[in-house]
Amino acid sequence: MYKTKAYSAASNTSPLASTTIQRREPTDRDVQIEILFCGICHSDLHAVRNEWSGVMPTVYPIVPGHEIVGRVTKVGSAVKKFKPGDLAAVGCMVDSDGTCPQCKDGFEQFCPNMILTYNSPDKHLGGVTYGGYSDSIVVDEHFALRVPPNLNLAGAAPLCCAGVTTYSPMRHWGAGPGKKVGVVGLGGLGHMAVKFAHAFGAHVAVFTTSPSKKEDALRLGADEVILSRDANEMQKHNNSFDFILDAVSAEHDINAYLNLLGRDGALTLVGLPSKPLGVAAFNLIMGRRSLSGSAIGGIAETQEMLDFCGKHNITADVEVIPIQKVNEAYARLLKSDVKYRFSIDMASLKSE
Ligand code: NAP
Ligand code: ZN
């Protein structure tokens, strides 16, 4: 074991603060990564505040962070994918059983024994896993991803969660030429969804509650922007969408979006509000519409997404912050005031 610096929260009302945690020495299959940047996902905030207590209660202290990019410093003897000095990335998962049908099909995220990057049982050290608001991390090489060298690293970190979580359902539901695709909520996930849908050749509409984001939405690749609190504007799009991706972090009315779907249209939730959302059955039966959800993506698909981003030079639009501003960043996330992902420059942790 070795010690490494980190930021953790001690309870659901405590701010994040500097601490020291233990990491394991790399085993044969592990890579040790010096973390350079870590994105701030709204899931970090939900977890720190224990907002998902009914489904996955938070164990304190929590070290969040699952949008990790860094440089490999050490590799185990059986590691094939990496050597010291390579760039590497880690997303939301650090382990799975590797033998179940989900793992065999490349859906590690649905493995019953999947281990999240933070707040999951740590089979090596006991306690729970600790995430990327930290100097370094040690993971099985299967869960470390290759980073295209042309990408800006601060902007590449958010691809590990916000990127794959939007890429995967866009691919699954066939966002592409001839399709009218909607993105609800222009935050970290939403702005990546816009970039992907645009890159795949779909007609993209953004639904936002923030009039001030209109120009940005167009710059990011949207063909049109709809203010979701304007009922008249919404109504003009009734029965017209093939696919809508909902990336909203708080309670909202999804029926308003179901009504905008055309025949066999699909609304997919990736946002994870803490309370259940109400669905009016009539909005589903008319037009044979469907409502579904999607969780991150498998490891192979995450690599495919990173390679796609390398080829098309796609990264998140980031506001780079020192770790000392993390609590301020959380307060701004709650006000939908982020353009469009905070990325922590982990060099700032060295001064703690
Ligand atoms: P974020 O950056 O905070 O963006 C959320 C956006 O939702 C806001 O920017 C805002 O967009 C909109 N919004 C916020 N409050 C709203 C309200 N009361 N009513 C309507 N719209 C509202 O969050 P994020 O990091 O993108 O994460 C979004 C959600 O996805 C979170 O719940 C997160 O936990 C979840 N998530 C899920 C997965 C998965 O695998 N499914 C992975 C990562 C994250 P506008 O200003 O444009 O309205
Ligand atoms: Zn995330």
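I searched the whole structure, a predicted model, for salt bridges and got 16.

**Glu25 and Lys74**

I looked up this pair first. The side chains of Glu25 and Lys74 form a salt bridge, with N to O at 3.0 Å. Glu25 sits in the loop between strand S2 (17-23) and strand S3 (30-40), while Lys74 belongs to strand S4 (residues 68-75); the two are 49 residues apart. I then checked accessibility. Glu25 is partly exposed at 36% relative accessibility, and Lys74 is partly exposed at 38%.

**Lys350 and its partners**

I noted a salt bridge between Lys350 and Glu34, with 3.5 Å between the closest N and O atoms. Lys350 is in the segment after strand S16 (341-345) and Glu34 is in strand S3, so this pair ties together parts 316 residues apart in sequence. Lys350 has a relative accessible area of 48%, so I logged it as partly exposed. Glu34, at 30%, is also partly exposed.

Lys350 also meets Asp135 in a salt bridge, at 4.0 Å from N to O. Asp135 lies in the loop between strand S7 (115-116) and strand S8 (136-140), so here the parts tied together are 215 residues apart in sequence. Asp135 is buried, because its relative accessible area is 16% and the cut-off for buried is under 20%.

I recorded one network as well: salt bridges with shared partners join Lys195, Asp216, Arg219 and Asp317.

**Asp44**

Which buried residue has no salt bridge? I found Asp44, whose nearest side chain of opposite charge, that of Arg341, is 7.1 Å away. A salt bridge requires the nitrogen and the carboxyl oxygen to be within 4 Å. The side chain of Asp44 does make a polar contact of 2.7 Å with the side chain of Tyr118. Asp44 lies in helix H1.

**Ligand 1**

I listed the surroundings of ligand 1 next. The shell holds 31 residues, and the closest are His42, Thr208, Thr209, Ser210 and Arg341. By class I have 14 nonpolar, 14 polar and three charged residues. Helix H1 (42-48) and helix H5 (188-199) each give at least two residues to the shell. H1 has the largest share, three residues.

A side-chain N or O atom of His42 is 2.7 Å from an oxygen atom of ligand 1. A polar side-chain atom of Lys213 is 2.7 Å from an oxygen atom of the ligand. A polar backbone atom of Ile296 is 2.9 Å from a ligand oxygen atom. Ligand 1 exposes 930 Å² when taken alone, and the protein buries 91% of that.

Methods:
Residues numbered from 1 in each chain as written. Chains lettered and ligands numbered in written order. Predicted model: local features only at pLDDT ≥ 70, side-chain atom pairs only at ≥ 80, totals over all residues. Heavy atoms only, no water. Near = heavy atom within 4 Å. Polar contact = N/O pair within 3.5 Å; in protein donor to acceptor, adjacent residues only side chain to side chain. Areas by Shrake-Rupley, 256 points an atom, 1.4 Å probe, with all protein chains shown as cover. Helix = DSSP H or I, 4+ residues; strand = E, 2+ residues; numbered from the N terminus. Nonpolar A, V, L, I, M, F, W, Y, C, P; charged D, E, K, R; others polar. Buried < 20%, exposed > 50% of the residue type's maximum accessible area, 1.4 Å probe, protein only. Lys, Arg positive; Asp, Glu negative; His and termini not counted.
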